[in-house]
Amino acid sequence: MDVGYAAAGSLAAQLADPRVLAVFGFGEQAPVVDDPRWLRVPLQPLLADAPIEVWRSDAPVTHGRDGAIAWTSDGRLLFGAIEVDEPDAGIEAAATQAYARIAAFVAASGTPHLLRMWNYMDAITLGEGDDERYRRFCVGRADGLDLVDAQRLPAATAIGRCDGRRRLQVYWLAAREPGAPVENPRQVSAWRYPRQYGPQSPSFARAMLPAAGAAVPLLVSGTAAIVGHASQHGGSVQHQVDETLANIDSLVGAARARRPSLPPALGAASPLKVYVRDPADAPAIAAQLQRRLDPSVPRLLLHAQVCRRELLVEIDGAHGEPATA
């Protein structure tokens, strides 16, 4: 599966391709399209015209809807998406409902192994102590997913929307064969976080290395300026960018120990999504990325809230092997 960005004007051509697994549009300007492969992500792009994100298989796909779930599959990989309005019980109940539905759907499919999850919710850090919305989401996610073995958790991102709409959006990639979770030697595994971060540790791996032969890139979870389990460089967006990139480099190194064919540095096959808490920081973040990354690295900056109030930026993405002629 190839992951990359394309011009928004190419949407019709992308959806006409029978190998396209999923296409994502960002922000209010993204059109409404009745196709299970198309998902509008309500995070507003920053700095430039927004591209669309395209996942392309090397085989034809089938697609459809199963109740609230939109899905696409090539027989080896499955893209799925669900949106759940928060009931009176709030984000915890919405997360439990969404993840229970996802777990049942994936288990009944021919692609039962979750590789990667994205979670977008409004006001992620609203509330104090254990009543914070992200902490309640973590409780609901764990209840719905009901995974006994923490070392089988998928890679994931959890990000706050800024639109005031209390709706949880989750999308995912699953596979016929299990992947290998990758942890960061510089960080405590999220599922081992101490109690100070909430009653339920976050349920995700730092990255996922799909099965050999799956032709899927390394899938990097939402990554921020955290060393051990503590946030770093409060108030300095440039230093947070540097620490985040150090963590991504560490993940790539850990993945290369298992798959040496992965390139040692991010490049053209390493599309990144950069989540920016304060839009006023976007120029400084873009400039720091320009200094630190190879110019070929595709990147999209989005206005979003990170799951810790002191964190100003988070980055996720994919890291692929060089294309062969």
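1. Let's start with what surrounds Thr 111. Leaving aside residues up to four places away in sequence, Thr 111 touches Gly 75, Arg 76, Leu 77, Leu 78, Val 106, Ala 174, Ala 175 and Arg 176 (contact means heavy atoms within 4.5 Å). Thr 111 counts as buried because its relative accessibility is 3% (buried is under 20% relative accessible area, exposed over 50%, partly exposed in between, with a 1.4 Å probe and protein chains only). You will find Thr 111 in the loop between helix H2 (91-107) and strand E8 (113-122); helices (H or I, at least four residues) and strands (E, at least two) are DSSP runs, numbered from the N terminus.

2. A word on the source. This is a predicted model, where local features need pLDDT of at least 70, side-chain atom pairs count only at pLDDT 80 or more, and totals for chains, interfaces and linings use all residues. Residues are numbered from 1 along each chain as its sequence is written, and side-chain values use heavy atoms, without hydrogens and water.

3. Next, have a look at helix H3 (residues 133-145). Of its 13 residues, 11 are buried, among them Tyr 134, Phe 137 and Leu 145. The buried residues of H3 pack against H2, E8, strand E9 (155-161) and strand E10 (167-175). Just after H3, Asp 146 has a positive phi of about 55 degrees.

4. Finally, turn to strands E16 (residues 272-276) and E17 (residues 299-303), which pair in the parallel sense over five bridges (pairing requires at least two DSSP bridges between two strands). Val 274 has Leu 301 as its bridge partner in E17.
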